[in-house]
Amino acid sequence: MTTHTPAGRKPGRLFFANPGPTNIPDSVLRAMDRATVDFMGSDFLAVYDDAVAGLKRLLFTEGEVFLYTASGHGAWEATIQNLFSPGDHILMPDAGYFSRTWGALARGYGLTVEMPGTDWRRGPDAASITERLSADKSHTIKAVCIVHNETSTGVALNLPDIRAAIDAAGHPALLLVDTISSFGSFEFRMADWGIDAVVGGSQKGLMLPAGLAFTAVSAKALDAHRHATLARFYFDWTKMLARRHRSFVGTVPIAPFYGLLESVRLIEAEGIEQVWHRHHRLAEATRRAVSIWSGNQGVGFFCTDPKRRSDSVTAVKMPEGHDAEAVRAIAYDRFNVSLGGGLEPLGGQLFRIGHMGDLNEPMILGTLGVVEMSLRLAHVPHANGGVNAAIDYLSAT
Ligand code: PLP
């Protein structure tokens with residue numbers, strides 16, 4: 001008798017515990033399953049307008065939102081093209097794979113990208129931003145770019161602190177924020193927090209397939225756009241504003257907007273603050289498990305600052321000499337649980353448990369149970385009882 005499922009069909013559901021893309025609710029899948037309609041027709045325009053209005057409510061902005069048929073990289077690119085001119089100087093703390101990649105993209109467009117190194121296990125300090133901007137007397141720095149939630153490290157930053165850091169320097173730089181793995185999962189308020197450009201995507205907290213991305217902009221960012229001269233065409237906000245949809249220079253994709261309307265409906269029916277609370281609770285259950293596993297000199301948190309541990313993804317650091325990929329392979333091949341891996345240069349050093357989107361207690365407990373089994377089967381040091389700690393926490397809150 002075999003002790004595990006032989007190669008081939010895996011019975012039951014795939015537990016998708018990657019930190020994005022995330023599980024898509026059945027009602028969102030059903031909403032998108034429809035025949036083509038005219039994207040200029042009144043039926044679709046009503047759906048489109050409602051979906052975009054809902055997106056603005058969830059972002060806490062009344063400003064313009066430009067939508068793209070792209071994944072997050074497209075929104076990064078569009079934001080750079082539309083806000084800057086060749087040679088412009090921007091400040092982008094290097095805090096993980098995603099800030100580093102966004103910086104590389106901006107360099108590709110000929111910007112001067114200043115990327116102060118940070119400890120990836122806790123991210124940048126707000127004070128260092130004040131210090132750098134205060135030294136920039138001639139206001140050469142045009143923008144500060146921040147990844148709200150570094151999906152590669154599981155470190156989440158406090159955006160009001162960053163806003164305050166810029167204000168403390170009395171500096172006019174724009175504040176650009178990548179909210180790809182925080183939006184829809186934990187607190188985010190564009191207008192109240194004084195953010196000028198917000199980069200987001202569909203495939204995480206919004207519980208949609210990848211392929212719809214956006215930039216939400218403040219009036220100050222729109223004004224900067226009017227003076228920006230980088231080459232652009234398909235993603236040009238000025239061209240988009242001239243269209244009925246105020247986005248999309250080409251064909252407007254239909255299906256994502258039926259999906260977006262339904263995902264906004266689901267989030268608002270639950271209540272956005274309740275959605276944030278649910279994410280916090282499931283993240284905390286995960287953290288309780290990791291804390292126990294860290295006994296016996298076992299696996300631990302990659303993020304060293306407990307206040308910065310993300311409510312949408314937990315990065316679990318391997319003990320020296322152990323390969324995270326072995327744990328991931330057992331979880332996936334034997335138990336049908338998909339975890340995130342370490343991204344360059346952290347490959348093998350950590351695995352990531354995504355806890356964002358359409359998720360409940362049995363899903364997180366199932367995932368944690370499989371992680372604990374996989375640690376055991378891969379002979380990775382840890383203490384037993386992580387799942388029990390998660391159960392204790394979830395049943396008491
Ligand atoms: N920014 C963050 C924080 C991300 O987590 C990701 C993807 O996971 C991206 C940007 C890139 O987005 P995409 O993979 O959708 O192009």
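Biologist: Leaving aside its neighbours within four places in sequence, which residues is T151 in contact with?

Modeller: This is a predicted model, to begin with. In it, T151 touches P19, F98, S181, K204, V313 and R352, leaving aside neighbours within four places in sequence.

Biologist: Where is T151 found?

Modeller: In a loop. T151 sits between β6 (149-150) and β7.

Biologist: Is T151 buried or exposed?

Modeller: T151 is buried, because its relative accessibility is 6% and the cut-off for buried is under 20%.

Biologist: Let's zoom out. Which domains does the assignment give?

Modeller: The domain assignment gives domain 1 (26-268) and domain 2 (272-396). Their centres, taken over C-alpha atoms, are 28 Å apart.

Biologist: How many residues does each domain put into the contact?

Modeller: Domain 1 gives 30 residues, and domain 2 gives 27.

Biologist: And how much area do domain 1 and domain 2 bury between them?

Modeller: About 2400 Å². Of that, 60% is on carbon and sulfur atoms.

Biologist: Why quote an area for an interface?

Modeller: The size of an interface is often given as the accessible area lost when the parts come together.

Biologist: Which three residues supply more than any other three of the area that domain 1 buries against domain 2?

Modeller: R121, R122 and S185. Together they supply 25% of the area that domain 1 buries against domain 2.

Biologist: What about polar contacts across that interface?

Modeller: There are 16 residue pairs in polar contact there, with both residues at pLDDT 80 or more.

Biologist: Which element gives the most to the side of domain 1 that touches domain 2?

Modeller: That is α4, with three residues. Both α4 (97-108) and β7 (155-156) supply at least two residues to that side.

Biologist: How do the residues of that side divide into nonpolar, polar and charged?

Modeller: The side of domain 1 that touches domain 2 has 13 nonpolar, ten polar and seven charged residues.

Biologist: Charged ones, then. How many salt bridges are there between domain 1 and domain 2?

Modeller: Three salt bridges between the two domains. The overall count comes to 21 salt bridges.

Biologist: Which residue does D125 form a salt bridge with?

Modeller: R308. The closest N and O atoms of D125 and R308 are 3.9 Å apart.

Biologist: Which residues are linked with them in a network of salt bridges?

Modeller: R122, D125, D305 and R308 are linked in that network.

Biologist: New pair. How far apart are the closest N and O atoms of E273 and R189?

Modeller: They are 3.1 Å apart, and the two residues form a salt bridge. E273 is in helix α10 (residues 272-293), while R189 is in the loop between β8 (174-178) and β9 (197-201). That puts them 84 residues apart.

Biologist: Is E273 buried or exposed?

Modeller: E273 is exposed, with a relative accessible area of 51%. R189 counts as buried, at 15%.

Biologist: Last one. What do the side chains of R57 and E268 meet in?

Modeller: A salt bridge, 2.8 Å from N to O. R57 lies in helix α2 (residues 42-59) and E268 in helix α9 (residues 255-270), so the pair ties together parts 211 residues apart in sequence. R57 is partly exposed, at 45%. E268 is also partly exposed, at 35% relative accessibility.

Definitions and conventions. Residues numbered from 1 in each chain as written. Predicted model: local features only at pLDDT ≥ 70, side-chain atom pairs only at ≥ 80, totals over all residues. Heavy atoms only, no water. Domains from an automatic or database assignment. Contact = heavy atoms within 4.5 Å. Buried area = accessible area lost by both parts, 1.4 Å probe. Salt bridge = Lys/Arg side-chain N within 4 Å of Asp/Glu carboxyl O. Polar contact = N/O pair within 3.5 Å; in protein donor to acceptor, adjacent residues only side chain to side chain. Helix = DSSP H or I, 4+ residues; strand = E, 2+ residues; numbered from the N terminus. Nonpolar A, V, L, I, M, F, W, Y, C, P; charged D, E, K, R; others polar. Buried < 20%, exposed > 50% of the residue type's maximum accessible area, 1.4 Å probe, protein only.
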